[in-house]
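Please read the following report alongside the sequence and the model.

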Amino acid sequence: MRKAWLSVILMVFAGGCLSTYHSTEDVLSYWHSIDSFTAHEVVKIGNQTFESYVTFIKPDKIARADYINGSLVQKVVIENNTQKVITANGTFFLNATLDDVNALDPFVAILNNLDSFNVTWEGDTLFLKPKAEGEPTYEVELNGKLPERITIKQAGLAIVVEYKTIEVAK
């Protein structure tokens with residue numbers, strides 16, 4: 001009887017582990033299928049922390065609102081190659097490129113350049129190393145197939161973006 005229970009427990013445990021496992025190919029295929037997402041993020045740069053709300057539509061429409069202590073610091077909207085920056089000091093319009101879109105959120109940069117990385121997997125973390133020199137690397141801690149935390153590393157500096165919520169559309 002004891003062996004039977006042990007077998008049942010092991011099968012349930014193994015089944016649970018297998019059902020949550022995703023291969024690198026599963027995750028990358030899923031990411032390729034994402035057309036848009038909205039996210040609530042916490043961004044950490046050194047000892048500074050702020051919250052952001054991001055809405056992205058592939059490949060080049062994005063809105064990002066940044067808050068410090070609950071107060072809006074700035075809002076950036078990019079569409080039709082125009083960047084609109086809204087701050088307490090006024091509204092500014094600038095020309096925008098896809099690089100400007102990618103600079104506003106690491107998951108956007110990854111989605112727009114997915115084929116430009118060598119991807120490896122270790123535990124629950126994907127490591128995305130750029131094929132081109134001088135570009136940042138990304139460590140993506142996953143919650144299922146979506147990022148829970150992305151660490152951007154370049155030239156000895158690190159920025160951490162934690163996704164409190166993220167919802168995608170395909």
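## Leucine 146

Leucine 146 is found in strand E10, which covers residues 146-154. In this predicted model, leucine 146 has a relative accessible area of 15% and is therefore buried, the cut-off being under 20%.

Apart from neighbours within four places in sequence, leucine 146 is in contact with Tyr30, Trp31, Ile34, Phe107, Glu141, Ile166 and Val168. Valine 27 lies 119 residues away from leucine 146 in sequence, yet the two C-alpha atoms are 8.0 Å apart in space.

## The chain and its confidence

The chain has 170 residues, of which 35% are buried. Its secondary structure consists of four helices and 11 strands. Counting contacts between residues at least 6 apart in sequence, 38% link residues at least 24 apart.

The mean pLDDT of the chain is 89, with 88% of residues at 70 or more. Residues 1-19 have a pLDDT below 50, and beyond near neighbours in sequence this stretch makes zero contacts in the model. Where pLDDT is low, predicted coordinates should not be read in detail.

## The nonpolar core

The largest nonpolar core holds 36 residues; those touching the most other members are Trp31, Phe37, Phe107, Leu128, Tyr138 and Val140. Helix H4 gives the largest share of this core, five residues. H4 spans residues 106-112.

What does valine 140 contact, once neighbours within four places in sequence are set aside? The partners of valine 140 are Trp31, Ile110, Asp124, Thr125, Leu126, Leu128, Pro147, Arg149 and Ile150. Trp31 is also a contact of leucine 146.

## The largest pocket

The largest pocket has a volume of about 650 Å³. Its lining is made of 29 residues, and Asn102, Ala103, Pro136, Tyr138 and Ile152 lie nearest the centre. Tyr138 is also listed among the core residues that touch the most other members.

Two or more lining residues come from each of strand E1 (36-45), helix H3 (98-103), helix H4 (106-112), strand E10 (146-154) and strand E11 (157-169). E11 gives the largest share, four residues. By type, the lining divides into 18 nonpolar, four polar and seven charged residues.

## Glutamine 83

Not counting residues up to four places away in sequence, glutamine 83 touches Val76, Val77, Ile78, Phe92, Phe93, Leu94, Asn95 and Ala96.

## Backbone details in the loops

Most residues other than glycine have a negative phi, and most peptide bonds are trans. The residues below depart from one or other of these patterns. A cis peptide bond, with omega about -5 degrees, joins lysine 58 and proline 59. Proline 59 sits in the loop between strand E2 (48-57) and strand E3 (61-68).

Asparagine 81 has a positive phi, near 60 degrees. This residue is in the loop between strand E4 (71-79) and E5, and its relative accessibility of 51% makes it exposed. Alanine 155 also has a positive phi, near 50 degrees. Alanine 155 belongs to the loop between E10 and E11 and, at 76% relative accessibility, counts as exposed.

Methods:
Residues numbered from 1 in each chain as written. Predicted model: local features only at pLDDT ≥ 70, side-chain atom pairs only at ≥ 80, totals over all residues. Heavy atoms only, no water. pLDDT = per-residue confidence, 0-100. Contact = heavy atoms within 4.5 Å. 1 Å grid on protein atoms, 1.4 Å probe; cavity = no way out; pocket = protein on both sides within 12 Å on 5 of 7 lines; lining within 4 Å. Points joined across faces, edges and corners; volume = space filled by probe spheres on them. Nonpolar A, V, L, I, M, F, W, Y, C, P; charged D, E, K, R; others polar. Core = buried A, V, L, I, M, F, W, Y, C linked by side-chain atoms within 4.5 Å. Buried < 20%, exposed > 50% of the residue type's maximum accessible area, 1.4 Å probe, protein only.
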